[in-house]
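We will take a short walk, one selection at a time.

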Amino acid sequence: MDIYDLLREKNKNEMSPLADRMRPESIDEIIGQKDILSPGKLLYRAIKADKLSSLIFWGPPGTGKTSIAHVIAMTSKSEFKKLNAVSSGKKDMEDIVSDAEKTFAMYGRKTILFVDEIHRFNKGQQDFLLPYVENGTIILIGATTENPYFEVNGALISRSLLFELKPLDSNDIKELLLRVISDSKKGLGDFNVHIEDNALEFLSEYSNGDARTALNAIELAVLTTKPDRDGNVNIDLSTAEECIQKRSLSYDKDGDNHYDTVSAFIKSMRGSDPDAAVFYLAKMLESGEDIKFIARRIIICASEDVGNADPQALILAVNASLAVERVGMPEARIILSQAAIYVACAPKSNASYMAIEKALKLVKTKGTADVPPHLKDSHYGGAKELGHGVGYKYSHSYPNHYVKQQYLPDEFKNEKFYIPDGQGYEKNIGEYLRSLEGNNE
């Protein structure tokens with residue numbers, strides 16, 4: 001440690017934001033996330049025993065992803081390296097991998113690599129990490145606010161344990177704030193802070209489950225409030241309101257949250273109410289919701305709720321998703337509005353959704369029955385001797401390119417999974433399928 005390191009350490013409390021200073025140093029100091037960090041839970045045991053495999057933490061901002069990584073850094077005997085995917089490149093990763101190989105060869109000590117915002121790495125950067133994760137050169141800990149199944153290399157996901165972090169509830173935030181104003185070492189204890197109950201409730205509620213937002217707000221409130229004659233810093237409701245200047249519109253006094261708004265958006269499209277769909281879209285956009293997340297919701301609705309009643313809905317939704325990524329905000333709001341309105345106004349059918357759900361239930365409960373012999377692959381020597389492909393009728397050799405034959409396994413030959421419900425284009429599909437029923441009798 002040189003003189004500059006010593007000075008930085010000495011002045012850390014003055015230089016670092018409160019949210020950084022208050023990071024927990026042991027697993028038992030972490031507030032919230034009881035579903036994954038309670039004693040006895042897998043992640044809790046792994047951190048305590050210092051027996052970690054690669055991990056991906058997924059959740060909204062301020063839920064503790066970086067804090068958990070910080071605890072691992074403080075408690076693990078492994079080397080710990082950190083990268084931020086926004087500012088780091090392949091050269092940074094190459095240097096860390098090289099050091100990790102040397103550290104393991106010389107000291108038998110593994111290296112943990114924490115990649116914050118791992119979804120920001122492109123496919124090539126993520127692919128670079130894969131072989132070193134696979135052979136154990138590094139233990140990867142990734143943190144992302146995006147759904148990793150959409151944004152992270154599938155091979156990395158398959159080699160990692162995924163933990164979803166939830167927004168902290170108001171009681172968790174309240175516990176954190178009370179800890180902060182009483183902690184003289186890292187927090188604001190030296191300021192003799194007195195916070196009114198309604199101000200504490202307000203900050204706990206309107207932080208929207210984001211610990212960083214709550215800490216930034218209380219720090220701003222304390223540092224900008226003049227002490228009274230007794231040297232106390234008194235935080236009232238009006239001060240608290242000023243320090244969270246923009247309340248997220250995804251949260252209101254009735255307790256509506258992010259998930260409720262998304263749910264209302266989808267149900268409005270499903271319910272063919274374009275006005276409500278646009279309202280909830282505007283609410284999400286104004287609250288800073290990720291436009292890619294919104295686009296994905298529209299795609300799902302276009303398939304699940306519109307389906308083949310209007311096949312164009314899915315095409316438009318997918319193209320809208322590509323367009324918003326290329327264009328970005330603010331123009332992306334127009335593209336999302338067009339897609340949401342189209343899906344809301346389209347005829348509805350969930351027949352495709354019901355079909356796959358029924359088929360999955362049958363497969364799970366009754367097993368996968370054998371493929372009929374005439375449908376089996378016959379493109380190899382000896383197949384015909386086994387009866388594979390024998391008797392198969394080639395559809396294009398018959399009138400209207402259709403011939404009646406059995407496709408489902410014997411056990412399920414009378415099952416019906418897809419039942420067109422007569423809405424929109426699906427009416428044509430139903431008529432076509434019915435027209436085939438009498439053919440080739």
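Before we start, a word on terms: contact here means heavy atoms within 4.5 Å, and an angle is taken between N-to-C directions, from 0 to 180 degrees. Keep in mind that this is a predicted model.

Five of them form an open sheet in the order 2-3-4-1-5, with parallel pairing. At the edges you will find strand 2 (79-84) and strand 5 (161-164), each pairing on one side only. From one strand to the next, the twist averages 15 degrees. Now zoom in on strand 1 (residues 55-58), which pairs with strand 5 in the parallel sense over four bridges. Select Leu55 there: its bridge partner in strand 5 is Leu161.

Select residues 90-107, which are helix 7. This helix lies across strand 2, strand 3 (111-116) and strand 4 (138-144), and runs at about 175 degrees to strand 2. Next, select helix 8 (residues 123-134), which lies across strand 3 and strand 4 at about 135 degrees to strand 4.

**Stop three: the rings.** Show side chains now. The model has four aromatic pairs. One of them is Phe202 with Tyr206, stacked at 4.7 Å centre to centre with 25 degrees between the planes. Why are these two about one helical turn apart? Because they are four residues apart in helix 12 (residues 197-206). Phe202 is buried at 7% relative accessibility, and Tyr206 is buried at 9%.

**Last stop: a charge over a ring.** Select Arg296 and Phe150: the charged end of Arg296 sits over the Phe150 ring, 4.3 Å from its centre.

Key:
Residues are numbered from 1 along each chain as its sequence is written. This is a predicted model: local features need pLDDT of at least 70, side-chain atom pairs count only at pLDDT 80 or more; totals for chains, interfaces and linings use all residues. Side-chain values use heavy atoms; hydrogens and water are left out. Rings of Phe, Tyr and Trp (its six-membered ring) pair if their centres lie within 6.5 Å; planes under 30 degrees apart count as stacked, over 60 as edge-to-face and the rest as tilted. Buried means under 20% relative accessible area, exposed over 50%, partly exposed in between (1.4 Å probe, protein chains only). A charge sits over a ring if NZ of Lys or CZ of Arg is within 6 Å of the ring centre and within 35 degrees of the ring normal. Two strands pair if DSSP finds at least two bridges between them.
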